[in-house]
There are 2 protein chains.
Amino acid sequence: MPPSDHGLTMLLRKLDSIGQLSAEERQATETLPMKTRVLDPGQDIVQEGARPSRCGLVLNGWACRYKVLSMGRRQILSLHIAGDIPDLESLYSEVMDHGIAALTRAAVAFIPHESLSELLARCSGLAALFWRDLLIAAATYRAWLTGVGRRPAYERMAHLFCELYLRQQAVGLAGEHRCPLPITQLDLSDALGLSNVHVNRVLQDLRGKGLISLRGGTLVIEEWQRLAAAAEFNPTYLHLKGRPA
Amino acid sequence: MPPSDHGLTMLLRKLDSIGQLSAEERQATETLPMKTRVLDPGQDIVQEGARPSRCGLVLNGWACRYKVLSMGRRQILSLHIAGDIPDLESLYSEVMDHGIAALTRAAVAFIPHESLSELLARCSGLAALFWRDLLIAAATYRAWLTGVGRRPAYERMAHLFCELYLRQQAVGLAGEHRCPLPITQLDLSDALGLSNVHVNRVLQDLRGKGLISLRGGTLVIEEWQRLAAAAEFNPTYLHLKGRPA
DNA sequence: CGCATGGTTGAGGCTCATCAACGCCCGTGG
DNA sequence: CCACGGGCGTTGATGAGCCTCAACCATGCG
């Protein structure tokens, strides 16, 4: 199958991981027109302030949602993997209040708003799934907000790793207690609200305590129980159907 | 008019502040059945883990969305005023991943999910407005996340005050450069991810620099320009129709 | 009057940021 | 083939921002 189909597969798998998907809905989704582009790390998918007329579906690689402040400060608001449509909201709101960018080399399929709107008008079940996805995104913001506001760096990072592992597991991107984590420590620090130096030290701490290992873009969860306990991790907010590991 | 109508008025005014509302939609909304209760500060409207069958519309007073962690840590995720339906999401997702509680003495009108669903199925324009409200809530999470992650306490608090003023202004609850702020410093600290002691000191700083005053539950914006500048405040995320002050 | 709640102040210390340097890996070009 | 450079990770030193603890004050209420 052509590479763009692989991305659609991921989207379908993701929707399947959070709800039901009928055969017709699958088929209807597969007819969506899209133009694929490959982006380099750091390149914008959508810029803050834009009024996009299309959505970007991540086919592979990672992307992020972010805001920038003065003095080079950046906060990453969410991380996105294959199957995600990070700018789905742009379908319903005019102006982007944040940017979306590739974190790794990433293939993105752009789908015209028009086509997507039409599909969702036709398939109400599919529309409900997309709304559900937006609600899960909101729940994830809440989880991150709680972490950045009230969890020390160590627990916060543990929590993020639990989340990223489960999300990837849900769409079949994770292995046995391991999953890709192809982003830099600097990106991690902007996601966690920390400095890159401190991220480095906390990582060493997590490794040193035997909870994880992280090398070559692969995260290995060495001890899920202890990691989840350290993070006080409760997966409810991800609203996944399957049971966690 | 009876007190419960006042709350509905606030809801309609709020929906009106973020979109269009037809006469029929107004009327249809006014027929919603609801049971009003008055809550004391700290009392839960919905508990984490609950599977509610009704939504709560705030008629007066303030409420908050929150998560609790071990050791008494609490993060307030959003603040809610008259006209808000903080647990609107419960219409679409089964389990609450957080709690909602009154911060002041507050009147809350409970609306059965069934009635609300039926209304929204009937009035698609109204449904769109409610979804829009959910998207704005998500945008507000992002703004808070950015603040807690990357803004020092002083700017973060300035930003929150800008937001709270504009939100109340949009529904007619604010006066000339002043608005209610009827919550304790401890609540503020849990919203900002700070300690109550530090909130107290930053407040004195903001007062000392002449940007605001805050006494008796009333926030006065003494210098909007400087406050907004200190906060790097950009109101886009609130998606309000009217122009700010 | 006494008590509870919330606001205020001071002292001391911990978490985390900043700055600066260095090492590693890898791709690139002379 | 090796020198160079850039991105990324790592380390140490220093200090700022914020937390914790503890006490005290102001207000309102029974």
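## Terms and basis of the model

Angles between axes are sorted by size, so that those under 35 degrees count as roughly parallel, those over 145 as roughly antiparallel, those from 65 to 115 as roughly perpendicular, and the rest as oblique. The structure is a predicted model, in which local features need pLDDT of at least 70 and side-chain atom pairs count only at pLDDT 80 or more, while totals for chains, interfaces and linings use all residues. Residues are numbered from 1 along each chain as its sequence is written, and chains are lettered from A, with ligands numbered from 1, in the order in which they are written.

## Chain A as a whole

Chain A contains eight helices and 10 strands, which are DSSP runs numbered from the N terminus (helices H or I of at least four residues, strands E of at least two). Its C-alpha trace spans about 50 × 40 × 30 Å along the principal axes. A compact globule of 245 residues would have a radius of gyration near 18 Å, and chain A, with 18 Å, therefore agrees; this radius is taken over C-alpha atoms, and the globule rule is 2.2 Å times the number of residues to the power 0.38.

Of the contacts in chain A between residues at least 6 apart in sequence, 74% join residues at least 24 apart, where a contact means that C-beta atoms, placed from the backbone, lie within 7 Å.

## Two helices that cross

In chain A, the axes of helix α5 (residues 153–170) and helix α7 (residues 196–208) come within 10 Å and cross at roughly 75°, the axes being lines fitted to C-alpha atoms, for helices over the stretch in contact, with angles running from 0 to 180 degrees between N-to-C directions. The helices α5(A) and α7(A) are therefore roughly perpendicular to each other. On α5(A) the contact involves A:A153, A:Y154, A:M157 and A:A158, and on α7(A) it involves A:H198, A:V202, A:D205 and A:L206.

By class, these residues divide into six nonpolar, one polar and one charged; Ala, Val, Leu, Ile, Met, Phe, Trp, Tyr, Cys and Pro count as nonpolar, Asp, Glu, Lys and Arg as charged, and the others, Gly among them, as polar.

## Where the chains meet

In chain B, 32 residues are in contact with 32 residues of chain A. Both β5 (74–80) and α4 (124–150) of chain B supply at least two residues each to the side that touches chain A, and α4(B) gives the most, with 14 residues. That side of chain B has 14 nonpolar, nine polar and nine charged residues.

How values were computed. Two residues are in contact if their C-beta atoms, placed from the backbone, lie within 7 Å.
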